[in-house]
Amino acid sequence: MEIIVNGEKKSVDPMSLLHFLESLGIDQRRVAVELNAEILPKTEYEKTALKDGDRLEIVHFVGGG
């Protein structure tokens, strides 16, 4: 299936959002995720199955001064 991640098409196997983030090496504690124009609470990442055509925006938190 194909999804759009930060404006870029990606072909992926069906999986949960949490498993997708892990497959990219992304620590879920350090990002916010918008799925189809809705920000998801972190508690939903494991329960949310990605579907063909989904649009994800993944924003990384950056610390500093």
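These legends cover close-up views of a sheet, its strand pairs and a nonpolar core.

The model is predicted: local features need pLDDT of at least 70, side-chain atom pairs count only at pLDDT 80 or more, and totals for chains, interfaces and linings use all residues. Residues are numbered from 1 along each chain as its sequence is written, and side-chain values use heavy atoms, with hydrogens and water left out.

**View 1. The open sheet has five strands in the order S2-S1-S5-S3-S4.** Pairing in the sheet is mixed. Strand S2 (8-11) and strand S4 (38-40) are the edge strands, and each pairs on one side only. The twist averages 35° from one strand to the next. Strands (E, at least two residues) and helices (H or I, at least four residues) are DSSP runs, numbered from the N terminus. Two strands pair if DSSP finds at least two bridges between them. Axes are lines fitted to C-alpha atoms, for helices over the stretch in contact, and angles run from 0 to 180 degrees between N-to-C directions.

**View 2. S5 pairs with S3 and with S1.** S3 and S5 run antiparallel and are joined by five bridges. Val33 has Ile58 in S5 as its bridge partner. Ala32 stands opposite Val59. S1 and S5 pair in the parallel sense over two bridges. Here Val5 stands opposite Leu56.

**View 3. S3 and S4 form a hairpin.** Their pairing is antiparallel, over three bridges. Leu35 has Glu38 in S4 as its bridge partner. Two residues lie between the strands. Asn36 in the turn has a positive phi of about 50°.

**View 4. S3 has a covered face and an uncovered face.** Val31, Val33 and Leu35 make up the covered face. Ala32 and Glu34 make up the uncovered one.

**View 5. The largest nonpolar core has 16 residues.** Such a core is a set of buried Ala, Val, Leu, Ile, Met, Phe, Trp, Tyr and Cys residues joined through side-chain atoms within 4.5 Å. Buried means under 20% relative accessible area, exposed over 50%, partly exposed in between (1.4 Å probe, protein chains only). Leu17, Phe20, Leu21, Val33, Leu56 and Ile58 have the most contacts inside the core. Strand S1 (2-5), helix H1 (17-23), strand S3 (31-35) and strand S5 (55-60) each give two or more residues to this core. H1 supplies the largest share, four residues.

**View 6. Ile58 is in contact with residues including Phe20, Leu21 and Val33.** Contact means heavy atoms within 4.5 Å. Neighbours within four places in sequence are left aside. Val5, Asn6, Ile26, Val31 and Ala32 are also among the contacts of Ile58.
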